[in-house]
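Dear colleague,

Here is the structure you are taking over. My notes on it follow below.

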Amino acid sequence: MIRVSQLDPEHEALKYCKTRLIPDKQLENIYYIDNVKNIVQLNEHYKQSILGQEPRIIFPFYDTNHQLSGVTCRAIRGEALRYITIKIKDNVPLIFGLENINKNKPVYVVEGPVDSLFVDNCIAVAGTSFDKVEGITDINSLVYIFDNQPRNKEVCSIMQKHINKNVPMVIWPQTIQEKDINDMVKAGRNINQIIKQHTYQGLQAMVQFTAWKRV
């Protein structure tokens with residue numbers, strides 16, 4: 001694997017990142033592999049399940065001791081299987097960005113690793129299992145940010161559960177139509193400002209959440 005920041009300016013992986021508007025400073029944190037099948041060197045148990053040989057972008061996951069615990073491989077050529085995930089430590093939850101956060105500031109938690117690259121002091125759970133971040137660090141100021149999917153019943157149920165637990169949460173304003181943070185950035189929105197202005201907790205979060213669901 002090679003850091004995306006070290007690729008030639010005309011390389012397809014770097015061009016892909018540029019089309020997604022990924023900040024240059026974040027290209028140090030993601031990698032490129034020219035044949036995804038070679039990723040099984042990290043864990044031979046996946047040898048039979050990875051059939052493709054296409055190039056991919058790699059997002060590494062580290063544990064709280066900065067040891068590699070797994071990777072997810074993102075397609076860049078429109079493959080139907082967008083993500084391939086390899087676990088190295090089965091008993092360690094995969095959370096992207098843990099090694100770079102400042103625990104003395106609010107730590108934002110998003111669904112996708114790509115989205116986390118646009119938000120200050122952010123980690124990603126690679127899905128909607130936000131429970132995995134609770135108890136694994138000494139972070140006391142987590143703020144949850146779900147994708148903008150008011151019609152997704154499963155997401156709404158998970159959000160309501162965490163609101164009931166009094167977790168601070170971003171509720172997207174009704175003027176935003178984009179589904180995720182990357183799309184919002186591509187639409188020209190100041191994502192960090194929006195997040196700060198629309199973080200709620202407790203009763204206020206429930207009021208905003210109820211209105212958001214009706215969009």
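In this predicted model, the buried residues of helix H6 are Gly202, Ala205, Phe209 and Trp212. Looking down the axis of H6, these buried residues fall within an arc of 70°, so they line one face of the helix. Leu203 and Val207, on the other side of H6, are exposed. What do the buried residues of H6 pack against? Their partners are helix H3 (153-164) and strand S10 (199-200).

The length of H6 also checks out. The helix runs over residues 202-213, which makes 12 residues. At 1.5 Å a residue it should span 16 Å, and its end C-alpha atoms are 17 Å apart, which agrees.

Next, the sheet that contains S10. An open sheet is formed by 5 strands in the order S7-S6-S8-S9-S10, with mixed pairing. Its edge strands are S7 (122-124) and S10, each of which pairs on one side only. S10 pairs with strand S9 (residues 169-170) in the antiparallel sense, over 2 bridges. Within S10, threonine 199 is the bridge partner of valine 170.

Is histidine 162 buried or exposed? Its relative accessibility is 0%, so it counts as buried. Setting aside neighbours within four places in sequence, histidine 162 is in contact with Phe130, Asp131, Glu134, Tyr144, Phe146, Val167 and Met169. One of these contacts, Met169, belongs to strand S9, which covers residues 169-170.

The largest pocket holds about 470 Å³ of space. It is lined by 22 residues, and those nearest its centre are Arg82, Tyr83, Glu111, Gly112 and Asp147. Which elements give two or more residues to this lining? They are strand S4 (68-75), strand S5 (83-87), helix H2 (113-116) and helix H4 (181-186). H2 gives the most, with 3 residues.

Regards

Definitions and conventions:
Residues are numbered from 1 along each chain as its sequence is written. This is a predicted model: local features need pLDDT of at least 70, side-chain atom pairs count only at pLDDT 80 or more; totals for chains, interfaces and linings use all residues. Side-chain values use heavy atoms; hydrogens and water are left out. Helices (H or I, at least four residues) and strands (E, at least two) are DSSP runs, numbered from the N terminus. The expected span of a helix is 1.5 Å times one less than its number of residues. Buried means under 20% relative accessible area, exposed over 50%, partly exposed in between (1.4 Å probe, protein chains only). The arc is that of the directions from the helix axis to the C-beta atoms. Contact means heavy atoms within 4.5 Å. Two strands pair if DSSP finds at least two bridges between them. On a 1 Å grid over the protein atoms alone, a cavity is a set of points where a 1.4 Å probe fits but cannot get out, and a pocket is an open set with protein on both sides within 12 Å along at least five of seven lines; lining residues have an atom within 4 Å of a point. Grid points are joined across faces, edges and corners, and a volume is the space filled by probe spheres set on the points.
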